[in-house]
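Hello,

Here is the structure I promised to pass on to you. Please open it next to this email, and my notes will follow below.

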Amino acid sequence: MMGKATDYQAIILAGLLHDIGKFYQRTGAKFDLKYQGDQYDYENFTKKYGEGSSLRYSHLHGAFTAKFFRENLSQYDDAGVIAALHHVPDKGNNERQKFLAKLISLADRMSSGERQERDEHQESGHPQEEPLTSIFSQLELDDSDSEKAKKDQPAYYIPLSPLKESLADLFPVKDKKEAFHGLKGEEAYKKMWSEFIGELKKLSFEDYDVLMPQIYHLLLKYTLSIPSAVYRDKPDISLFHHLKTTAALAACLYKLSEDEGDGFREKIDRILEGIKDIGQEVKNEASTRKEGKDLLDRQDFLLVGGDISGIQDFIYQVTSEKALKGLRARSFYLQLLSEVIARKILGEFDLKEVNLLYCGGGNFYLLLPNLKETAAKLNSIRSELDEVLIRAHKGKISTILSWVPVSYRDFFQNFAALWDKLGKEISINKRRKFSALITSGGAAQFKNFVLGPFDQGGEAKGCKICGEEIEQSSTLCSLCNSLISFSEDLVRARAISIQKVTKKELPEKDIRWQDVFQAVGFKCEFLPLIEGRSGRGRIIINSTNFAGGFEGFTFIAKKVPVANGQTLTLEEIAERAYGIEKWGVLRADVDNLGKLFQKGLGKNKTISRVSMLSSMLSLYFSARISQLQEWSADYGNNGGLADFVYVAYSGGDDLFLIGPWSVLPELAKAIYDDFRKFACERLSLSAGIFFAPGKKFPIYQAARMAGEAEDKAKDDGRNRLNLFGESMIWECFPKVKEIVELVTSLLKGKNGKEAPRSLLGVMYNIYQEKEKKKKQEISMERVWRLHYSLKKLMRRLDENTQADIQKLFELIITNYEVYPYLNIATRVADYLTRK
């Protein structure tokens with residue numbers, strides 16, 4: 001699209017780039033006031049204080065924003081003026097400019113939760129020398145996280161770096177100098193600004209619809225590690241999340257102004273004035289701001305949430321034959337379906353990706369304007385989705401769509417409470433799946449769609465993967481067959497194309513995954529090769545080097561174990577195990593997620609903080625786990641932990657892995673340690689592992705058993721690993737590993753004569769002492785029995801082996817009590833030494 005941008009396009013671009021001047025300013029750049037362009041920006045987009053010799057200028061970043069547009073985006077200079085005016089909207093050249101600048105100004109305040117304009121001189125010290133504080137380090141998860149306690153905690157900083165797929169540079173550090181890579185802050189900013197401008201020049205300036213997502217992803221890459229404002233004690237909001245949420249709010253405000261006309265324009269000044277009193281007691285209710293305060297309670301926005309329900313049944317209810325080929329495809333199909341539905345809703349309201357606050361784990365959250373027709377449109381979309389999914393999947397999966405109204409006041413008081421409230425609404429609506437079919441089409445339509453019949457009945461052949469009825473001549477249903485191709489394409493894919501297309505009715509039978517997407521108006525393709533230059537609709541996978549050929553980037557944890565170009569079967573995965581040949585399942589997720597959003601953000605529960613916290617968690621489970629094989633080798637002493645591991649699913653706040661049984665416990669600990677570092681030791685994971693009793697054991701049963709193990713880890717106090725039915729605190733893992741290594745060394749004779757396998761029987765028996773004491777069958781653990789049994793073993797062994805057995809005794813008996821996790825250590829050692 002060539003030519004002048006519309007006001008709506010300008011407002012979104014202005015919102016996304018309104019504070020880009022902060023990035024520019026921190027490079028140490030200066031204005032040449034002899035140059036007309038610089039002088040104009042300096043005079044017209046800053047605030048002035050005092051007169052004569054005491055005259056000073058504030059909010060210089062507004063002028064730097066104007067300078068940025070003039071130097072790099074001159075074809076969108078109107079958006080640049082609106083962006084640069086956001087602190088001085090009354091300096092606009094006309095009423096239109098003033099109004100649009102006020103929308104950015106209001107959106108800016110709503111994003112940050114700031115009621116008052118702040119003087120830029122309030123920023124602490126030198127802004128370019130203050131790195132971003134990790135938001136995880138500021139979480140308040142229990143009563144010990146008081147303000148005083150938080151001040152005593154060590155500070156954690158995010159290094160100033162472009163985003164990369166490994167997330168290595170997003171891991172917090174404790175030294176400010178390290179956060180700037182040993183450079184002065186100004187030098188570090190200058191280096192990254194140069195890289196930013198270099199990539200900016202590769203974007204598609206001639207086409208706004210391509211440029212917008214490109215700028216969005218360029219900002220994600222380069223401003224995620226930049227603090228938005230450093231006047232706070234500990235600046236923990238990234239510039240990216242402030243820019244994104246400001247653009248989302250500005251888009252909503254503009255749509256509201258279109259919906260209400262001139263009446264809304266008249267209210268903006270009163271709203272801007274009214275927010276100054278939020279949180280303050282005003283004795284005179286008839287004050288001049290009363291009307292402005294009433295306007296703050298207008299619920300002009302909707303927080304919309306979507307959830308794909310039935311994920312576990314859909315993903316895991318597959319037979320073992322060819323299961324792996326369909327498993328990863330099913331999980332990513334649902335992930336992609338969630339994103340497509342979110343895009344569909346945004347498209348219905350002419351909104352962009354900035355209004356997608358979160359998307360991960362089969363969930364999404366959107367911010368919409370609460371227009372006259374918004375609720376009706378959402379109900380219509382919900383009904384349409386219900387019909388498509390029930391036809392395609394016969395009720396196995398559904399989309400739960402819920403929303404809560406949001407007032408202006410909510411953005412300044414407790415936006416996180418609404419996030420939590422919406423989550424509860426979604427949970428309630430899960431009990432009313434497909435209810436939209438009743439409200440939209442009546443009982444007859446509901447009966448037809450929901451009660452079926454769907455199949456022909458009688459004796460029929462079943463699909464080898466999902467069990468659905470198929471033709472006698474087939475082995476797989478059309479959906480599973482298409483998902484196998486989906487899985488193979490995903491593994492090879494370098495990029496994905498997501499394009500909006502004309503909706504097409506689902507076929508009566510032989511439905512493929514592509515048909516489901518087309519039924520909601522989208523076409524998705526995997527691209528193995530990089531070709532073309534415009535980038536329209538094309539998103540590069542697991543790389544942030546998108547500029548010049550793509551609209552943006554995405555992260556997909558899609559690792560599969562391969563041999564000779566083919567995905568390993570479950571039997572082949574089991575054969576890669578040490579000791580006994582078994583495969584297993586590891587499932588894990590973040591602890592206390594509900595509490596995290598209820599109280600973790602403390603008093604500062606703004607939309608930008610909520611957006612950043614949720615996005616950072618999602619980034620870990622998508623980007624970081626996508627690189628699992630590369631970084632997991634750095635943990636423990638067994639390189640290649642993830643070589644033969646299959647990432648069945650990872651996203652949102654949880655993961656599901658399949659691998660050789662012998663690597664899963666150590667891999668679980670590696671992921672736990674890595675996540676703890678990423679989250680400043682403030683968050684934890686609970687995990688469950690189940691080892692399949694046979695190579696052909698059904699995946700869905702293994703998945704269910706691992707899920708039950710994970711649930712037990714949470715029930716037993718969280719922050720634990722459940723293995724062999726017992727929940728172990730993560731801190732004990734090194735000692736369990738030490739016992740395992742010592743026992744396997746004894747049984748293999750690595751340090752002397754081989755110990756007999758009866759050693760394992762002795763260890764099993766002594767562990768039973770602890771179990772008997774738990775059941776109150778005995779009053780104390782009879783540890784002398786272990787001592788006696790080990791002494792008998794030692795008589796037949798050499799001196800070195802005897803010394804190791806004595807060391808073993810000291811490891812498993814402390815203060816006359818048996819080590820609580822001896823059973824886990826014994827069983828792992830048993831498995832490792834079986835032939």
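The side chains of Arg391 and Glu387 come together in a salt bridge, with 3.6 Å from N to O. Please keep in mind throughout that this is a predicted model. These two residues sit four apart in helix α16 (residues 374-393), so about one helical turn separates Arg391 from Glu387. Arg391 counts as partly exposed because its relative accessibility is 37%. Glu387 is partly exposed as well, with a relative accessible area of 24%.

Another pair to look at is Glu769 and Arg782, whose side chains form a salt bridge at 2.8 Å, N to O.

How many salt bridges does the structure hold? The total is 51. Among them is the bridge between the side chains of Arg609 and Asp236, at 2.3 Å from N to O. This pair also joins distant parts of the chain, with Arg609 in helix α24 (residues 607-626) and Asp236 in the loop between α10 (208-223) and α11 (239-260), 373 residues apart. Arg609 and Asp236 are both buried.

There is also a network of salt bridges, and you can find it by selecting Asp38, Asp41, Lys67, Arg70 and Glu71, which are linked in it.

**A buried charge without a salt bridge**

Next, please turn to Glu551, in the loop between β13 (538-541) and β14 (552-554). Glu551 is buried, yet no salt bridge is found for it. Which side chain of opposite charge is nearest to Glu551, and how far away is it? That is Arg343, at 5.3 Å, while a salt bridge requires the nitrogen and oxygen to be within 4 Å. A polar atom of the Glu551 side chain does, however, lie 2.8 Å from the backbone nitrogen of Gly537.

**Charge on the surface**

Arg796 is located in the loop between α30 (783-794) and α31 (799-812). With 55% relative accessibility, Arg796 counts as exposed.

**Two positive phi angles**

Asp510 has a positive phi, near 55°, and is placed in the loop between β11 (495-500) and α21 (513-519). The relative accessible area of Asp510 is 54%, so this residue is exposed.

Phe724 likewise has a positive phi value near 55°. Where is Phe724 found? Its place is the loop between β21 (720-723) and β22 (726-729). Phe724 counts as buried because its relative accessibility is 17%.

Strand β22 contains Met728. Met728 is buried, with 1% relative accessible area. If you draw a line from the C-alpha atom of Met728 to that of Ile345, you will find them separated by 44 Å, and the two residues are 383 apart along the chain.

Finally, Gln138 is in the loop between β3 (132-133) and α7 (147-152). Its relative accessible area is 11%, so Gln138 is buried. The side chain of Gln138 makes a polar contact of 3.3 Å with the side chain of Ser137. Gln138 and Lys234 are 96 residues apart in sequence, while their C-alpha atoms are 8.3 Å apart in space.

Do write back once you have had a look around.

Best wishes

Conventions:
Residues are numbered from 1 along each chain as its sequence is written. This is a predicted model: local features need pLDDT of at least 70, side-chain atom pairs count only at pLDDT 80 or more; totals for chains, interfaces and linings use all residues. Side-chain values use heavy atoms; hydrogens and water are left out. Buried means under 20% relative accessible area, exposed over 50%, partly exposed in between (1.4 Å probe, protein chains only). Lys and Arg count as positive and Asp and Glu as negative; His and the chain ends are not counted. A polar contact is a pair of N or O atoms within 3.5 Å; within protein, one must be able to donate a hydrogen and the other to accept it, and residues adjacent in sequence count only if both atoms are side-chain atoms.
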